[in-house]
Amino acid sequence: MDDERGNDRPSEEHRRPDGVTDATVEALGKLSAALDHVEDARGHLYAFHRLCGSAESTLEEATELIRAAGHDDLADALHRDLLGRNVLPGMWSFQMVEGYDDGYYATAKGLQEQALTDLVEGKRHLFEAEMKELRRTRGRPGHAATPESGS
């Protein structure tokens with residue numbers, strides 16, 4: 001909500017530094033959106049990793065049950081050919097996660113941080129903060145500029 005002086009403004013961390021152009025804010029907004037996709041991909045990769053681990057454990061249980069049911073040849077094939085198998089050549093899923101985190105993900109995050117530091121004093125989400133300012137209705141419940149200024 002507005003205070004007595006009408007000071008319903010975004011926090012300093014979400015205000016554009018002097019001299020930063022619309023084009024720069026728009027470009028950094030697009031970079032932020034790209035990094036959102038990188039984060040989503042990382043989440044899917046971690047989900048894949050967890051599912052592979054669950055599949056391995058469940059497959060081990062199934063192999064034991066198949067053996068207990070008297071189907072030794074099938075249990076032997078499952079144990080020999082599938083349990084412990086790499087999901088990609090030379091890699092279990094944890095190695096995929098590590099490769100992504102240490103390579104593509106680390107590079108993408110580092111370049112985004114460098115761009116923010118170099119271009120806008122490290123301020124994040126300027127594009128979104130300015131979009132919020134354009135769309136919100138000052139003085140309306142649920143439209144405050146900052147968490148501290150109310151709903």
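What percentage of the contacts in the protein chain with a separation of 6 or more is accounted for by residues 24 or more positions apart?

Reply: The share is 67%, counted over contacts in the protein chain with a separation of 6 or more. Note that this is a predicted model.

For the setting, the protein chain has 4 helices and 0 strands, in the order α-α-α-α from the N terminus. Its radius of gyration is 25 Å, whereas the globule rule gives 15 Å for 151 residues, so the chain is more spread out than a compact globule. Along the principal axes, the C-alpha atoms fill a box of roughly 80 × 35 × 20 Å. Buried residues make up 23% of the 151. The exposed surface comes to about 10,500 Å², with 54% of it from carbon and sulfur atoms.

Now the core. The largest nonpolar core consists of 8 residues: Leu 35, Val 38, Leu 45, Met 96, Val 97, Tyr 100, Tyr 105 and Ala 108. Two or more of its residues come from each of α1 (22-68) and α3 (93-120). The largest share, 5 residues, is supplied by α3.

Met 96 is one of the core residues. Setting aside neighbours within four places in sequence, Met 96 is in contact with Leu 45, Phe 48, Val 87, Leu 88 and Met 91.

Notes
Residues numbered from 1 in each chain as written. Predicted model: local features only at pLDDT ≥ 70, side-chain atom pairs only at ≥ 80, totals over all residues. Heavy atoms only, no water. Rg over C-alpha atoms; globule rule 2.2 N^0.38 Å. Buried < 20%, exposed > 50% of the residue type's maximum accessible area, 1.4 Å probe, protein only. Contact = heavy atoms within 4.5 Å. Areas by Shrake-Rupley, 256 points an atom, 1.4 Å probe, with all protein chains shown as cover. Core = buried A, V, L, I, M, F, W, Y, C linked by side-chain atoms within 4.5 Å.
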